[in-house]
Amino acid sequence: MSSYKLYYFDFMGRAEIIRLIFAQAEIPYEDVRIQREEWDNYKQKMPFKQLPVMEVDGKMLSQSVAITLYLAKKFDLVGENDWEFAKVIELLGVGEDLIAHSVPWFKCEDAARKKEILAEFETKHLAPTFRLLEDILAKNGTGYFAGKKLTAADLNMLCMVGLFGSLCPNSIAQLTNLNDFKDRIMKLPKIKKWVETRPKTDF
């Protein structure tokens, strides 16, 4: 069996989808949570001087989407055909867009301005995206985002709904399909166990 080591900061962010895949696949790995003051000691070892990075048997892979797809393909979380695989990639991109749009909020240190940025993010990006995701679930009619079984797209959307839904609860309050989806995926035994035992962080 391959040896896995995941490098990221001590929060969920772009690495939580990777941790969820490991949890669902029941694959052991080393979860290296780098503190901010330690980053300079690690940075020069990373392929593109950023995180997350996954080490597989001594080889380094950067970029969260690349890592996610590598693991998803390995552990049967990419759907049942090429179209479903493409939809998984599409939805990973949707998640990346949301994270990118939220970066100004995460980086802002002024409390008043931070509140304004979050409100703008919710109005312009989060609420419209959540409504589109609600429609996708309704049209699919399977309870999943791509196909008829769990994929990395579902685990990634769980991350997005969990993180941003808690920051902006009004954006999801009336979306029945999305709330039902979150509740159901959170109850999957392996996911439930990880969520209950993972280190507690704000985001």
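Predicted model: local features only at pLDDT ≥ 70, side-chain atom pairs only at ≥ 80, totals over all residues.
Over residues 2–79 the chain is 33% helix and 24% strand, whereas over residues 81–203 it is 75% helix and 0% strand. The C-alpha atoms at the two ends of residues 2–79 lie 23 Å apart, and those at the ends of residues 81–203 are separated by 33 Å.

Two packed helices are described by the angle between their axes together with the distance between those axes. Helix H5, formed by residues 111–140, packs with helix H7, formed by residues 176–186, at an angle of about 75°, and the two axes are 8 Å apart. Because angles of 65 to 115 degrees count as roughly perpendicular, H5 is described as roughly perpendicular to H7. On the H5 side of this contact are Phe 130, Leu 133, Glu 134, Leu 137 and Ala 138, which meet Thr 176, Asn 177, Leu 178 and Phe 181 of H7. The residues of this contact comprise six that are nonpolar, two that are polar and one that is charged.

The structure also contains one cavity of 30 Å³ or more, and the space within the largest cavity amounts to about 90 Å³. Its lining is made up of Gly 13, Arg 14, Ile 17, Ser 64, Val 65, Thr 68, Leu 92, Glu 96, Ile 99, Asn 156, Cys 159 and Met 160. At least two of the lining residues come from each of helix H3 (64–74), helix H4 (82–107) and helix H6 (152–167). When the lining of the largest cavity is sorted by class, six residues are nonpolar, four are polar and two are charged.

The largest pocket, for its part, has a volume of about 560 Å³. There are 21 residues in its lining, and those that lie nearest its centre are Tyr 8, Phe 11, Arg 14, Arg 36 and Val 103. Strand S1 (4–9), H3 and H4 each supply at least two residues of the pocket lining, and the greatest contribution is that of H4, with six residues. By class, the lining of the largest pocket consists of 11 nonpolar, six polar and four charged residues.

Notes:
Residues numbered from 1 in each chain as written. Heavy atoms only, no water. Axes fitted to C-alpha atoms, helices over the stretch in contact; angles between N-to-C directions. Helix = DSSP H or I, 4+ residues; strand = E, 2+ residues; numbered from the N terminus. Parallel < 35°, antiparallel > 145°, perpendicular 65-115°, else oblique. Contact = heavy atoms within 4.5 Å. Nonpolar A, V, L, I, M, F, W, Y, C, P; charged D, E, K, R; others polar. 1 Å grid on protein atoms, 1.4 Å probe; cavity = no way out; pocket = protein on both sides within 12 Å on 5 of 7 lines; lining within 4 Å. Points joined across faces, edges and corners; volume = space filled by probe spheres on them.
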